[in-house]
Structure formats: structure tokens, C-alpha cells
Amino acid sequence: MSQLNDISLVAQVVVFKNARAFDELVKKYQSAIRRFFLNQTLGDSELSDDLAQETFIKAYTNIASFKNLSNFSTWLYRIAYNVFYDYIRSRKETFEIDAREVDAMHSTEQENIGQKMDIYKSLKMLKEVERTCVTLFYMEDVSIEKIAGIIGCPTGTVKSHLSRGKEKLANYLKHNGYDRY
Amino acid sequence: MTDIDDKIINQFFQSEKKEVKDNGFSRRVMRNLPDRGEKISKIWVAFCTAAGIILFFLFDGLEAILNILHEAFNGAMQTGIAHIDIKSLLIATIVLISLGVKKVCHIE
């Protein structure tokens with residue numbers, strides 16, 4: 001039902017350039033997309049909002065290329081993933097620093113986020129691609145097949161990233177007493 | 001990797017899953033959509049044109065223009081058509097035509 005509604009809204013945007021229909025799509029998916037970026041940037045809300053805005057603008061300009069082969073949400077996550085990796089690449093080119101330094105930089109900007117620190121601390125231990133797979137799988141309830149479509153690699157590779165990420169996270173959580181709950 | 005580990009991770013992420021409040025984000029996105037500015041500019045041009053036409057007729061613009069042309073013609077007649085330098089008039093006309101042609105070419 002929800003998917004049918006999405007298709008109807010997308011059709012209204014493509015055929016009639018109906019901005020109100022696109023506004024409904026933005027309102028529906030803003031939370032998931034901004035949460036995705038918050039997890040990838042380890043809680044940098046300003047950067048997350050900028051990247052999420054870029055994602056929605058790209059979705060709007062390329063909405064005619066949405067072929068309905070996947071869910072609208074999967075298509076949107078794919079754009080978000082590309083936007084984030086374009087950002088990471090541009091940062092690397094500018095500062096010539098590796099991914100771990102990018103992570104460390106974000107974490108210092110986010111020292112005062114209080115209760116959300118634990119999740120960002122745990123995600124900080126993962127490589128970017130592991131973080132993407134783990135957060136999509138556990139937090140956004142996206143299936144392995146769909147994650148493979150989003151990040152553009154085989155399901156076997158996604159399973160490997162998930163397995164490595166899970167191992168690191170399980171160790172961290174056990175070490176911090178989460179296994180007692 | 002045990003099922004218990006899987007359960008711990010699942011519980012951890014589900015407890016951390018929070019809805020992100022809109023707080024004007026959707027409005028910001030809609031304001032920055034690419035052809036929205038173009039649309040607003042088209043609406044503004046149409047509005048100004050319509051306002052200009054309405055004001056032109058409301059304040060008898062046509063009559064005012066006709067009066068000015070009439071006065072200019074009468075003035076020219078009174079100062080004497082004999083004093084007009086045909087050569088200067090011809091040069092001025094050529095200059096005006098060339099400027100007009102240049103402007104039209106530039107617009108195209």
C-alpha cells in the first residue's frame with residue numbers, strides 16, 4: 001500500500017511536476033535519510049542535513065530515472081550512499097587523509113552529544129562500508145539483497161561486511177556491559 | 001558469531017533508533033529545488049507585466065502618449081519645418097536604425 005502510494009507520488013512529480021507530491025515524499029523519508037547520514041558521519045547533524053538535502057535534490061532532478069525496479073526507499077538510499085561516498089572522496093582529495101582520520105575528525109566535532117555517544121563510539125570502530133551495511137541492516141531493517149543493490153556489490157560481499165562489523169560491535173557492546181541487559 | 005551476539009546488536013540498534021524531527025528540513029529542501037526559482041521568476045515577470053498593462057490603461061496611458069506626440073508634432077511645425085537640417089535628420093535616422101538592428105541581433 002505504502003509502495004503504491006510512493007509510485008503514485010513519483011508519477012505526479014514526473015508527469016505534472018507536482019512539487020506538493022515531492023514534498024510528501026520528503027516528509028515521509030526525511031527521518032530515515034537523515035538518520036542514515038547521522039550514523040555515517042558519527043552524529044554530525046549539520047553535515048548530515050546538508051548531505052540529506054543534496055540527496056533529495058538529486059532525487060528530484062533524476063526522478064524520471066526511477067524505474068520502479070526497487071522500492072522508492074531503496075532508490076533513495078542508493079542516492080544517499082553515493083552522495084556520502086562522493087563527499088568522503090572529495091574530503092580525501094582535499095586533505096589527503098585516510099578514512100580513519102575523517103572518522104576521528106567527526107568524532108571530535110561531536111563531543112557534546114551526550115546519550116547518543118555510545119552508538120557513534122561503537123560505529124566509529126567500523127570501516128565506512130561496514131558501518132553502512134550494519135546500520136542499514138540493524139537500524140533501518142533493510143534486507144541483505146537490498147543493501148547489495150544500494151552499495152552496488154554482491155550479496156556475499158555484504159554478508160562479509162556485516163559479519164566483520166557484527167564481530168567488532170559484539171566485542172564493544174560486551175566490553176561495555178550491554179550483554180547484561 | 002553467536003545468536004546471542006546478534007540479539008545484543010539488534011537490541012542495541014533498535015533502542016538507539018529514534019525518529020528525526022523535521023524541524024523545517026522539508027521546507028528547506030523544497031525551497032532549494034532547482035526549477036522552483038525559475039518558476040518564481042516567471043510568475044514575477046508575468047505579474048509585473050500584467051500590473052504594467054493594467055496601470056497603463058487605468059491612467060489613460062494611450063491618451064498621454066498621443067498627447068505627447070501631438071505636442072511634439074505641433075512644436076516642430078511651429079519652430080518651422082524650413083529650419084530642419086535634412087542631412088542631420090538623415091544621419092540621426094541611420095544611427096537609430098543601426099542601433100536598433102544591433103539590439104535585435106544581440107537579443108537573438
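**View 1. The side of chain A that touches chain B in this predicted model.** In this predicted model, 26 residues of chain A are in contact with 23 residues of chain B, two residues being in contact if their C-beta atoms, placed from the backbone, lie within 7 Å. At least two residues of this side of chain A come from each of α2 (19-40), α3 (45-61), α7 (128-139) and α9 (155-175) of chain A, and α2(A) provides the largest share, eight residues. Helices (H or I, at least four residues) and strands (E, at least two) are DSSP runs, numbered from the N terminus. By class, the side of chain A that touches chain B comprises 13 nonpolar, five polar and eight charged residues, where Ala, Val, Leu, Ile, Met, Phe, Trp, Tyr, Cys and Pro count as nonpolar, Asp, Glu, Lys and Arg as charged, and the others, Gly among them, as polar. Residues are numbered from 1 along each chain as its sequence is written, and chains are lettered from A, and ligands numbered from 1, in the order in which they are written. Because the model is predicted, local features need pLDDT of at least 70 and side-chain atom pairs count only at pLDDT 80 or more, whereas totals for chains, interfaces and linings use all residues.

**View 2. The crossing of α9(A) and α1(B).** The axes of these two helices, α9(A) and α1(B), come within 9 Å and cross at roughly 80°, axes being lines fitted to C-alpha atoms, for helices over the stretch in contact, with angles that run from 0 to 180 degrees between N-to-C directions. That angle makes α9(A) roughly perpendicular to α1(B), a term that covers 65 to 115 degrees. On α9(A) the contact is made by K166(A), L169(A), A170(A) and L173(A), and on α1(B) by D5(B), D6(B), I8(B), I9(B) and F12(B). Six nonpolar, no polar and three charged residues make up this contact of α9(A) with α1(B).

**View 3. The surroundings of F37(A).** Leaving aside its neighbours within four places in sequence, F37(A) is in contact with S48(A), L51(A), A52(A), A80(A) and F84(A).

View 4. Chain B has five helices and zero strands, and its pattern along the sequence reads α-α-α-α-α. Its mean pLDDT (the predictor's confidence in each residue, from 0 to 100) is 84, with 92% of its residues at 70 or more. Among the elements of chain B, helix α1 (residues 3-16) has the lowest mean pLDDT (83) and helix α2 (residues 25-31) the highest (94). The model scores ipTM 0.78 and pTM 0.67.

Key. Parallel < 35°, antiparallel > 145°, perpendicular 65-115°, else oblique.
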